[in-house]
Each structure stands twice: as C-alpha cells, then as structure tokens.
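Here's a quick tour of the charged residues in this model and how they pair up. Have the structure open while you read.

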Amino acid sequence: MDNNILNCLYIEDNLADFKLLEVRFKRHEIYQDSSIVNCQTIKEADELLNKEDFNLILLDLSLPDAHGLEGVNFLQEKYPFYPIVVLTGNTDKEIALNAIKEGAQDYLIKEAFTDELFYRVCNYAIERKKIIIQQKKILKEVEKLNINLNT
C-alpha cells in the first residue's frame with residue numbers, strides 16, 4: 001500500500017458512527033492523507049464502487065438493504081478484490097467468525113478499538129487480501145500447467 005494511505009469506503013447507515021470515525025481520521029497523524037467516504041446502503045456502495053477506487057471497505061452488518069452477512073456475501077461475490085473489514089456494534093463471536101469465513105479480512109467492534117489498532121487492522125487487511133489474490137492467481141496458473149501437462 002502506498003505510504004500506508006487508507007482510501008476507505010465505509011458502508012454505514014448511522015451518520016453519527018460515520019462522523020465519529022471521520023473525526024478520528026482527521027485528528028490523528030497516522031491517517032494523514034487518508035480518506036474515508038460514506039455510503040448508507042449496499043446499493044449506494046455498489047454504484048460508487050463502479051465509479052471510484054478504494055483500497056478498503058469498512059462494513060456495518062446492520063444496513064437498510066443488508067442484514068447480518070448479506071453485505072459481506074454481496075461484496076465478496078461482486079467485488080472479490082476488495083478487502084473488507086467488518087466494523088459493527090454486534091459483539092456476537094459466532095457472527096464475527098462467520099464473517100471471516102465468508103471472506104471478511106477482519107472484524108472490529110465499534111466501541112472497542114484504538115486508532116492504532118484500527119489502522120493496523122486496516123493495513124493488514126489490505127496486505128492479506130493482496131496475498132490471497134496473488135495465491136489464487138498462482139493456483140490458476142498451476143492448474144493450467146497441470147491441464148497442459150495432461151494433454
């Protein structure tokens with residue numbers, strides 16, 4: 001990631017939660033040059049993701065048009081190259097684990113993280129996703145070579 005700059009899309013329907021995170025972005029030096037954009041629904045996010053590039057998606061699990069893991073599943077299916085960090089008030093450990101199983105890179109509870117932890121989680125999510133994409137590409141190349149070898 002270029003100079004650890006976060007370019008986040010935060011899908012969150014509670015404007016107060018978005019504003020709190022935006023204020024944290026603006027006041028802390030580790031977020032210098034980073035940006036955060038808000039969409040309130042998966043539909044809005046879908047439209048924006050077709051027009052703009054981000055290096056991270058932050059996702060709440062309780063949206064007007066997606067509940068629970070529906071948002072994670074939609075984003076994974078349509079935009080599999082974007083790392084997703086679930087940022088929610090839901091403290092259910094089973095949902096957290098299922099979000100990771102469905103493709104989210106990490107899961108944070110809104111009230112339970114520091115600026116440094118948030119920044120580290122986001123950066124690690126971005127790097128992890130790059131590695132996963134690279135591994136999938138290599139796997140496809142190996143499968144292709146195996147097919148060619150067998151024919």
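A salt bridge here is a side-chain nitrogen of Lys or Arg within 4 Å of a carboxyl oxygen of Asp or Glu. By that rule, this predicted model holds seven salt bridges. As background, side chains of opposite charge can pair when their charged atoms come close.

| Acidic residue | Basic residue | Closest N and O atoms |
| Asp17 | Lys110 | 2.7 Å |
| Glu22 | Lys19 | 3.3 Å |
| Asp115 | Arg24 | 2.6 Å |

Let's start with Asp17 and Lys110, which form a salt bridge. This pair ties together distant parts of the chain: Asp17 sits in helix H1, while Lys110 is in the loop between strand S7 (106-109) and helix H5 (115-150), 93 residues away. Lys110 counts as buried because its relative accessibility is 16%.

Now for Glu22 and Lys19. Both are in helix H1, three residues apart, or about one turn of the helix. An α-helix has 3.6 residues a turn, so residues three or four places apart point the same way. Is Glu22 buried or exposed? Glu22 has a relative accessible area of 16%, so it counts as buried. Lys19, at 43%, is partly exposed.

Asp115 and Arg24 make another salt bridge. This one also links distant parts of the chain, with Asp115 in helix H5 and Arg24 in helix H1, 91 residues apart. Asp115 is buried at a relative accessible area of 7%, and Arg24 is buried at 16%.

Some acidic residues gather elsewhere: Asp13, Glu44, Glu47, Asp65 and Glu70 form a negative surface patch. Asp13 belongs to the loop between strand S1 (7-11) and helix H1 (15-27). With 32% relative accessibility, Asp13 counts as partly exposed.

Glu44, another patch member, also has a backbone contact: the side chain of Thr41 reaches its backbone nitrogen at 3.0 Å. Thr41 lies in the loop between strand S2 (35-39) and helix H2 (42-49), and counts as buried at 15% relative accessibility.

**Both ends of H4**

Which residue caps the N-terminal end of helix H4 (residues 93-101)? That's Asp92, with a side-chain oxygen 2.8 Å from the backbone nitrogen of Glu94. After H4 comes Gly103, which has a positive phi, near 120°.

Note on methods: Residues numbered from 1 in each chain as written. Predicted model: local features only at pLDDT ≥ 70, side-chain atom pairs only at ≥ 80, totals over all residues. Heavy atoms only, no water. Patch = residues over 30% accessible without salt bridge, like charges linked within 9 Å, V, L, I, M, F, W, Y side chains within 5 Å. Areas by Shrake-Rupley, 256 points an atom, 1.4 Å probe, with all protein chains shown as cover. Lys, Arg positive; Asp, Glu negative; His and termini not counted. Charge placed at Lys NZ, Arg CZ, Asp CG, Glu CD. Helix = DSSP H or I, 4+ residues; strand = E, 2+ residues; numbered from the N terminus. Buried < 20%, exposed > 50% of the residue type's maximum accessible area, 1.4 Å probe, protein only. Polar contact = N/O pair within 3.5 Å; in protein donor to acceptor, adjacent residues only side chain to side chain.
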